[in-house]
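The following explanation is intended to be read alongside the sequence and the three-dimensional model. Please keep both in view.

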Amino acid sequence: MADKDNPPNPLRRLASSLRDLRERHRDRHRPTGFGFVFADRVDYLDPKRWDAVAVHGTVFLRREVLRVIENHGGKTSGPVTR
């Protein structure tokens with residue numbers, strides 16, 4: 001009950017905050033165990049592995065669909081004028 005009457009020691013709060021910051025920093029920089037691959041085109045990836053990973057995904061993860069998006073997706077016919 002005496003703890004409720006006295007405010008927490010500011011030095012202890014500071015030490016606790018610094019400890020929490022250090023722990024969160026350590027957690028952010030700990031290896032996740034995940035592997036990442038970056039590729040400009042879907043054909044740069046191993047097709048068997050990609051298909052195994054994407055088998056339960058949406059239609060948009062299929063190599064054929066990604067290939068169409070690569071070839072035709074983000075291109076415009078020119079500036080839009082009104």
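Residues are numbered from 1 along each chain as its sequence is written, and side-chain values use heavy atoms, with hydrogens and water left out.

The predictor's confidence in each residue is given as pLDDT, on a scale from 0 to 100. For the protein chain the mean pLDDT is 85, and 80% of the residues reach 70 or more. Confidence is lowest in helix α1 (residues 2-5), with a mean of 58, and highest in α2, with a mean of 93. Helices are DSSP runs of H or I with at least four residues, numbered from the N terminus. Where pLDDT is low, the predicted coordinates should not be read in detail.

Side chains of opposite charge can pair when their charged atoms come close. The structure holds five salt bridges, a salt bridge being a side-chain nitrogen of Lys or Arg within 4 Å of a carboxyl oxygen of Asp or Glu. One of them joins Asp27 and Arg30, whose closest N and O atoms are 2.9 Å apart. Asp27 is partly exposed, at 44% relative accessible area, and Arg30 is partly exposed as well, at 45%. Here buried means under 20% relative accessible area, exposed over 50%, and partly exposed in between, with a 1.4 Å probe and protein chains only.

Another salt bridge pairs Arg41 with Glu70, at 3.6 Å from N to O. This pair links distant parts of the chain, 29 residues apart: Arg41 belongs to the loop between α2 (10-28) and α3 (47-54), and Glu70 to helix α4 (residues 63-72). Arg41 has a relative accessible area of 31% and is partly exposed; Glu70, at 26%, is also partly exposed.

Asp43 and Arg67 form a further salt bridge, at 2.8 Å from N to O. Asp43 lies in the loop between α2 and α3 and Arg67 in helix α4, so this pair ties together parts that are 24 residues apart in sequence. Their C-alpha atoms are 8.0 Å apart in space. Asp43 is partly exposed at 42%, as is Arg67 at 24%. Leaving aside neighbours within four places in sequence, Arg67 is in contact (heavy atoms within 4.5 Å) with Val42 and Asp43.

The largest pocket holds about 250 Å³ of space. On a 1 Å grid over the protein atoms alone, a pocket is an open set of points where a 1.4 Å probe fits, with protein on both sides within 12 Å along at least five of seven lines, and lining residues have an atom within 4 Å of a point. The volume is the space filled by probe spheres set on the points, which are joined across faces, edges and corners. Among the lining residues are Arg41, Val42, Trp50 and Leu66. The largest share of the lining, three residues, comes from α3. By class, the lining has seven nonpolar, no polar and three charged residues.

Arg63 lies in helix α4 and is buried, with a relative accessible area of 19%. Beyond its neighbours within four places in sequence, Arg63 is in contact with Val42, Pro47, Trp50 and Asp51.

Technical notes: Helix = DSSP H or I, 4+ residues; strand = E, 2+ residues; numbered from the N terminus. Nonpolar A, V, L, I, M, F, W, Y, C, P; charged D, E, K, R; others polar.
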